[in-house]
Amino acid sequence: MELGFETGATATLEKAYDRLTELVHDLGPADLGKATPCAELDVRGVLSHTLAAAQMFTDVKEGHPVGDRLGDLLGQADPASALDRVRRANTAAWAASGARQGETVLPFGTFPSAAAYLINLGEIAVHGWDIAVGTGRQATIDEELATAVLGFYERAPMERLRGRGAFGPAVEVPPGSSAQDRLLGLLGRQPR
């Protein structure tokens, strides 16, 4: 599925952030230590990873060296405040003139900017799902958004990515499953 990069891409990223923001603004201190579908990460770890990934994309799009501002972006900050700050910068970076054109050079490869955008979008949406599952809340990914990200990962060299530890083994889902469940299964998660 092609997102209309001139009109719809930023709105779709905002939609993913809306869901993540809803989840994070409701987090209590006890929620941060809860387990998630990412076996090695608790809710705090998933959120920290998600913020670092979004900051990486922002840095790349703004021409900053990657890594200068990464690490634990939560620190002692309120999770909602940290997310709000990263969200504003990330969406602005993708909304900038020319941001969705040409190629984007990431630490793990060079991609058409449309593909880099989908990776960024998937980070926000899928890890939002992880946080929802970890905190026992309704875990959903918007169907249009899931379809777009699924289309990218269905064409990606998943076995090579799995070999690098980026994703777990694929989880088989029943025929006719939603785009959300197919995306989650492809990325090594058991749909709920």
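Contact here means heavy atoms within 4.5 Å. With that rule, Asn-90 touches Leu-13, Tyr-17, Ala-54, Phe-57, Thr-58 and Asn-120, leaving aside its neighbours within four places in sequence. The model is predicted: local features need pLDDT of at least 70, side-chain atom pairs count only at pLDDT 80 or more, and totals for chains, interfaces and linings use all residues. Residues are numbered from 1 along each chain as its sequence is written, and side-chain values use heavy atoms, with hydrogens and water left out.

Asn-90 sits in helix α3. Helices (H or I, at least four residues) and strands (E, at least two) are DSSP runs, numbered from the N terminus. Is Asn-90 buried or exposed? Asn-90 is buried, with a relative accessible area of 0%. Buried means under 20% relative accessible area, exposed over 50%, and partly exposed in between (1.4 Å probe, protein chains only). Met-56 lies 34 residues from Asn-90 along the chain, and their C-alpha atoms are separated by 9.0 Å.

**Aromatic pairs**

Rings of Phe, Tyr and Trp (its six-membered ring) pair if their centres lie within 6.5 Å; planes under 30 degrees apart are stacked, over 60 edge-to-face, and the rest tilted. The count comes to 5 aromatic pairs. Two of them are tabulated here.

| Pair | Centre to centre | Angle between planes | Kind |
|---|---|---|---|
| Trp-94 and Tyr-117 | 5.5 Å | 80° | edge-to-face |
| Phe-108 and Phe-111 | 5.7 Å | 65° | edge-to-face |

Trp-94 belongs to helix α3 (residues 79-95) and Tyr-117 to helix α4 (residues 113-134), so this pair links distant parts of the chain, 23 residues apart. Both Trp-94 and Tyr-117 are buried. Phe-57 joins these two in a cluster linked by ring pairs. Phe-108 is partly exposed, at 41% relative accessibility.

**The hairpin**

Strands β1 (residues 103-106) and β2 (residues 109-112) run antiparallel and are joined by 4 bridges. Two strands pair if DSSP finds at least two bridges between them. A hairpin of 2 residues connects β1 to β2. Thr-104 has Phe-111 of β2 as its bridge partner.

**The nonpolar core**

A nonpolar core is a set of buried Ala, Val, Leu, Ile, Met, Phe, Trp, Tyr and Cys residues joined through side-chain atoms within 4.5 Å. The largest one has 56 residues, and Leu-121, Ile-131, Ile-141, Tyr-153 and Leu-183 have the most contacts inside it. Helix α4 supplies the largest share of this core, 13 residues. Beyond four places in sequence, Tyr-153 touches Ile-119, Met-158, Phe-167, Leu-183, Leu-186 and Leu-187.

Helix α7 is mostly covered, with 6 of its 8 residues buried. Those buried residues are Ala-179, Gln-180, Asp-181, Leu-183, Leu-184 and Gly-185. Their cover includes α4 and α5. Gly-188 follows α7 and has a positive phi, near 90°.

**The largest pocket**

On a 1 Å grid over the protein atoms alone, a pocket is an open set of points where a 1.4 Å probe fits, with protein on both sides within 12 Å along at least five of seven lines; lining residues have an atom within 4 Å of a point. The largest pocket has a volume of about 900 Å³, counted as the space filled by probe spheres set on points joined across faces, edges and corners. Which residues lie nearest its centre? They are His-49, Glu-123, Tyr-153, Ala-166 and Phe-167, among 36 lining residues. Helix α4 gives the most to this lining, with 6 residues.
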